[in-house]
Amino acid sequence: MKRRTQKIDWTFWERQVCTCAEAMAHRHRRQTLPIPLGPIARDRRVHRYVFDRLPVAGGIAVEENGFVIYVNCEPADAPSWYAKLADESDGGATLPVRARFTIAHEIAHTFFYDLSTGPKSLLSQLDAPDLSRLERLCNVGAAQMQISDRDLRIETELHDILIPTNLLQMARRFRVSLVTLVVRLTRFPGWSWRGGAIFIVSKRGNTESAERDEQTPRYWVSARAIDGTMRAFLGTTSPRSLPPDASRSLDRFGLDGGDLPDEVTIPCRVGGVDALQPCGIHCAAVNEDGCFMITMRLSGQPTRAVLPRVTNIDGAAEVK
Ligand SMILES: [Zn+2]
């Protein structure tokens, strides 16, 4: 067996995938979002789709002089999916969000092929870690193809992305899941560095809560985007859990059902002194299955933390 002597330069491939995905989005975008995937697939020599029940979300195979893309689909839905891709005016723009992501992911796989002749793979001898990096990069490419830097810049200039309803509407316009949008924001060079964070949160199931102890958080974070300024305050929070104050705020939101802006404080150190940084917080329900969105934004200056007062022997109070 031939051994690979050269390691794959994944940094190069990451740049390559993002550049190709961005270029495809530019070339085929229309007056309005979302990006039609059918013309991009054709451009990348996808000649055929197979929509059927599969044990995985999707796949791609080389076929003659191009590719065939497979997508997991209920057989009853297949005819309308084929029709949407065949319809020039739709181009797959109205396909379900999940199907669109799978198709975009499979198209991203074609970026690893030389198409100047018959499709020829540019990667060889992939081991298991390489394969998972390849899959991750295809997810990155799928997100960028549907949410290009250019479109995201326009959207974020027009709308305040720290207002949950704006983010929900933005995901609808791009026809992507909220998680895809939030993960995409983390890689967006135009993400404002003003102190903001977005969390997509799910409530833990009731079956789990029976065995839960006090230490187990009530919510888990499925995706988050924290900008550079906010990272100084929240960067040490575990990627799957919420800052404690945000968790309490979400409890209150769940009980009251209100969407009123609230304020929380984040413990921090300023000039060697314990302080509290106030943050505006917004909560919104994403769906009826206990999925929420929380956005936080720095507001105002940090205040000195109130610490327990102890009395010294002279009876004068001092702050420890
Ligand atoms: Zn894949």
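Which residues in H1 meet which residues in H5? The first close-up takes up this question, and every view here comes from a predicted model.

**View 1. Helices H1 and H5 meet through a set of named side partners.**
From H1, the residues taking part are Trp10, Trp13, Glu14, Val17, Cys18, Ala21, Glu22, Met24 and Ala25. They meet Arg133, Leu137, Val140, Gly141, Gln144 and Met145 in H5. Two packed helices are described by the angle between their axes and the distance between the axes. Here, the axes of H1 (residues 10–28) and H5 come within 8 Å and cross at roughly 25°. Angles under 35 degrees count as roughly parallel, so H1 and H5 are roughly parallel to each other. Their crossing is right-handed.

**View 2**
Spanning residues 164–174, H7 has Pro164, Leu167, Met170, Ala171 and Phe174 as its buried residues. As a reminder, an α-helix has 3.6 residues a turn, so residues three or four places apart point the same way. What covers the buried residues of H7 includes helices H5 (128–146), H6 (149–158) and H8 (178–186). Strands E6 (196–203), E9 (273–285) and E10 (291–298) are also included in that cover. Look just after H7 for Arg175, which takes a positive phi of about 55°.

**View 3. Three strands form an open sheet in the order E1-E3-E2.**
The pairing in this sheet is mixed. Strands E1 (46–52) and E2 (58–63) stand at the edges with a single partner strand each, so one side of each is left without a neighbour in the sheet. From one strand to the next, the twist averages 20°. E2 and E3 (residues 66–72) pair in the antiparallel sense over six bridges. A handy landmark is Gly59, which stands opposite Tyr70 in E3.

**View 4. Helix H4 lies across E1, E2 and E3.**
H4 is made of residues 97–109 and runs at about 40° to E2.

**View 5. The whole chain has eleven helices and 13 strands.**
Among contacts in the chain with a separation of 6 or more, 58% are accounted for by residues 24 or more positions apart.

Notes: Residues are numbered from 1 along each chain as its sequence is written. This is a predicted model: local features need pLDDT of at least 70, side-chain atom pairs count only at pLDDT 80 or more; totals for chains, interfaces and linings use all residues. A residue is buried if 20 or more other C-beta atoms lie within 10 Å of its own, exposed if 12 or fewer, and partly exposed in between; C-beta atoms are placed from the backbone. Helices (H or I, at least four residues) and strands (E, at least two) are DSSP runs, numbered from the N terminus. Two residues are in contact if their C-beta atoms, placed from the backbone, lie within 7 Å. Two strands pair if DSSP finds at least two bridges between them. Axes are lines fitted to C-alpha atoms, for helices over the stretch in contact, and angles run from 0 to 180 degrees between N-to-C directions. Angles under 35 degrees count as roughly parallel, over 145 as roughly antiparallel, 65 to 115 as roughly perpendicular and the rest as oblique. A crossing is left-handed if the near helix is turned anticlockwise from the far one by less than a right angle, and right-handed if clockwise.
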